[in-house]
Amino acid sequence: METLKIVCPHCNYVNSVANEVTKDDIPCQSCGLSLLDTTPIDCSSEVFQTHITENEIPVLVDFYSPECTPCMKMAPDYEKAASSFALEVRFIKVNTVKYPEIARQYGVNMLPTTIAFKNGREMNRFSSALSKDHLSMWAESLIQMVI
């Protein structure tokens, strides 16, 4: 049976999840909370690296600032898009005011910027506010992408 590494959205433990598993509730092997939680995670530097490098599912990262009007307008669409991709795509957020070093590391100069990662590698990015439909189509394309 093949497994996928999935980082817990609550405690950041790296879980091994059977690839054939149904989407019934799947508890984290460390904290016991659900791995199916799709709420975008606000990440610190350490948590960011864990999700980017350890998840074997694609990761979409929203680089934002609480003072950025387009960022705040996009936030509800980002959450709505995330809700459709449990165990398929992890949606995370980086507050560039609190963690400017992450934004610098990835050359984020404009907000909002959303970057897609797969297997630890940047796949593509958009530097503008995206709708729920656009985010959902992008996430779906990442699932299908083979690298």
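Guide: The face of α4 turned away from its buried side carries the exposed residues D133, M137 and Q144, where exposed means over 50% relative accessible area, buried under 20% and partly exposed in between, with a 1.4 Å probe and protein chains only. This is a predicted model, in which local features need pLDDT of at least 70 and side-chain atom pairs count only at pLDDT 80 or more, while totals for chains, interfaces and linings use all residues. Residues are numbered from 1 along each chain as its sequence is written, and side-chain values use heavy atoms, leaving out hydrogens and water.

Visitor: Which residues are buried in α4?

Guide: Those are L135, S136, W138, A139 and L142. Seen down the axis of α4, they fall within an arc of 165°, so they line one face of the helix; the arc is that of the directions from the helix axis to the C-beta atoms.

Visitor: And what do the buried residues of α4 pack against?

Guide: They pack against the helix α2 and the strands β4, β5, β6 and β7, with contact meaning heavy atoms within 4.5 Å. Helices (H or I, at least four residues) and strands (E, at least two) are DSSP runs, numbered from the N terminus.

Visitor: Switching topic, where is the cis peptide bond?

Guide: It joins L111 and P112, with omega about -10°, and P112 sits in the loop between α3 and β6.

Visitor: What about phi of N119?

Guide: Phi of N119 is near 55°, a positive value in a residue other than glycine. N119 belongs to the loop between β6 and β7 and is partly exposed, at a relative accessible area of 44%.
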